[in-house]
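Q: Hi! I have a new model open and would like to walk through it with you. Could you take a look?

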Amino acid sequence: MTALATRLADPPAPPLPDAEETRRMLRLIACGSVDDGKSTLLGRLLYDGQAVFIDQLATLSSDSRRFGTAGDETDFALLLDGLEAEREQGITIDVAYRYFSTPTRKVIIADTPGHEQYTRNMVTGASTADLAIVLIDATQGVLRQTRRHSEIVRLLGIPNIVVAINKMDLVDFDSAVFDRLVADYRELAGSIGIAQFTAIPIVARDGDHIVKRSERLGWYTGPTVLEALEAAEPRDWPADAGFAMPVQFVSRPDHRFRGYAGRVAGGRIAPGDAVRILPSGITAHIDRIVTPEGDLSAAIAGQSAMITLAERVDCARGDVIVGAESTAVAASVLEATLVWFGTRVLAPGQRYLLKLGARTVPARVTELLSAFDPETGDKRAVATAGLNDIVTVRLVLEQPLVLDRYAASRMLGAFILIDPSSNATLAGGMVESIDQAARPDQSTGASIHWIDADAATKPLLAAKALRLLRAQGRPVCLLDEAALGELNANAAGAESTRRANAVANLMRNAGITVVIALAAEAHLAFAGTPLTAADLEESQIGNWVI
């Protein structure tokens, strides 16, 4: 095998990882509402954990005098807030990563912003976390952004949650305040499906219960923040999901070798095992597992490797090689929860690009099923969604894609939605369920409506219908005599109506909602549903917009 072939695994696959080494690595995120003390907590954790170098301390002292918000004292938040705008405003904007270790644990820290407008950055930081520290200001309690971040933590399946009640010095270290806030968060956790969490009273600025125990909070006997980190177990994806490996690259250095490189998304595989290539469903057997250090006897979840197959089969970048026990399937219809990043409104019928792994396919949101209400923590029905909303939707793909539930596989269950016109990322999504029986052409989320009114009123109502639909971000088209002039130039009566219906159905199938405003005598033959003046009142739009 050539040197080129041995380098093409991404990155080169190591020998099977040592279980103790894997256990020692922990990724954590700090989240919560703005000014709850996330950056200060993490900075203090680094400082008290002796993870700050002498030159960094000198810089921190200088920066505290220039940018600090802690008076004459050291502002530990500046260890995390590196952007000039963050320091000037005293807030976190981007995700900041820091690293430190203890005698029993290696830790990767992600400090994420609390401001609502930077929710997308919080999702980025939380996507790989094993533990979430949810900060609550003891003087403010559970806030809107606390609820939103907690829901995102739940959606991402972060297994360890520490609720840090900060600024206990501002409530005179009162245990009753702590107990009340823990009860409030327990009510929220129960409503959104968080089964358990560890609550710790802290003063992040002074280091109380961060690394060392605090005499001022002597009534608390549970773990410190550092002890909770050291006791946490990293995320363990379900073992019964079976082997799955998305193909990132096909190595063909010469006619004698064909290898498929990728990162194992789940399960375990060994030479001789039977596999399927999805979405085609072709069966094959593993021949070799190739690495620069030599062939492996097995590959497990998290490893990058290159495998060869005993049979000559059609397998390309974007395909997924799965084992017999894998729950991954090729499907075109799914339900997913989105965290909406876009400034444009999300509404049924809109067309996007869905990117999952190495595959990107056109997709359409056909239905908004529910949305998370950050004011109450409950789910509610919605017709549209906006910036930072968390909404469950039904998606129809124009091509089958290999999917799995996010709860079973992060690599095959997490995706992004992209604006096809600007290439901007509009949403991060997690697959909740997959409908294998549904066909992708069963629903486009678009509809056909005809204006039920006299000739004088019809144009006014049609214009109002178009305005209401466009306000929801719907692609919409008006079919009237002017629009169909050339098409109907040599037709009348039933033939004219048939042609109008054919055009309307073609546009509806392409995801465009159609409003028909044609001659009254033909109305009864039109496809779709009628719209009257009463239907076009603002309060009634939810009754006729799919």
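A: Happy to! This is a predicted model. Let's begin with a helix pair: α6 and helix α7 (residues 144–155) pack with their axes 10 Å apart, at an angle of about 35 degrees.

Q: Which hand does the crossing of α6 and α7 have?
A: The crossing is right-handed. On the α6 side T119, M122 and V123 make the contact, and α7 brings Q145, R148, H149, I152 and V153.

Q: What kinds of residue are in that contact, by class?
A: Four nonpolar, three polar and one charged.

Q: And is α6 mostly covered or mostly open?
A: Mostly covered: of the eight residues in α6 (residues 119–126), six are buried. Those are T119, N121, M122, V123, G125 and A126.

Q: Let me zoom out. How many helices and strands does the protein have?
A: There are twelve helices and 26 strands. The protein has 546 residues, and 52% of them count as buried.

Q: OK, sheets next. What is the strand order in the one that holds β7 and β8?
A: That is an open sheet of seven strands, ordered β7-β15-β11-β12-β14-β9-β8, with antiparallel pairing. β7 (244–246) and β8 (249–254) are the edge strands, each pairing on one side only. From one strand to the next, the twist averages 40 degrees.

Q: How many bridges link β9 and β14?
A: Strand β9 (residues 257–263) and strand β14 (residues 304–309) share four bridges and pair in the antiparallel sense.

Q: I clicked on V275. Where is it, and is it buried or exposed?
A: V275 lies in strand β11 (residues 274–278). V275 counts as buried, because its relative accessibility is 2%.

Q: What is V275 in contact with, beyond its neighbours in sequence?
A: Setting aside neighbours within four places in sequence, the contacts of V275 are I269, I282, T283, A284, H285, I286, L309, I321, V322 and G323.

Q: Which residue is the bridge partner of H449 in β26?
A: T529 is the bridge partner of H449. Strand β23 (residues 448–451) and β26 pair in the parallel sense over three bridges.

Q: Changing topic: why is β18 described as largely enclosed?
A: Because eleven of the 14 residues of β18 (residues 359–372) are buried.

Q: So who pairs with β18?
A: Strand β17 (residues 351–356) runs antiparallel to β18 and is joined to it by six bridges. Strand β20 (residues 390–403) also pairs with β18 in the antiparallel sense, over seven bridges. Strand β19 (residues 379–380) is antiparallel to β18 as well, with two bridges.

Q: Which residues sit across from each other in those pairs?
A: R351 has R364 of β18 as its bridge partner. E367 stands opposite R394 in β20, and A371 stands opposite R380 in β19.

Q: Where are the positive phi values in the hairpins?
A: In the hairpin of β17 and β18, with two residues between the strands, G357 has a positive phi near 65 degrees. β18 and β19 form a hairpin with six residues between them, where G377 in the turn has a positive phi of about 85 degrees.

Q: Last one: is D137 buried or exposed?
A: D137 is buried, at a relative accessible area of 5%. D137 belongs to strand β4 (residues 131–137), and beyond neighbours within four places in sequence its contacts are D35, D36, N166, K167 and L181.

Conventions: Residues numbered from 1 in each chain as written. Predicted model: local features only at pLDDT ≥ 70, side-chain atom pairs only at ≥ 80, totals over all residues. Heavy atoms only, no water. Buried < 20%, exposed > 50% of the residue type's maximum accessible area, 1.4 Å probe, protein only. Pairing = 2+ DSSP bridges. Axes fitted to C-alpha atoms, helices over the stretch in contact; angles between N-to-C directions. Contact = heavy atoms within 4.5 Å. Left-handed = near helix turned anticlockwise from the far one by under 90°. Nonpolar A, V, L, I, M, F, W, Y, C, P; charged D, E, K, R; others polar.
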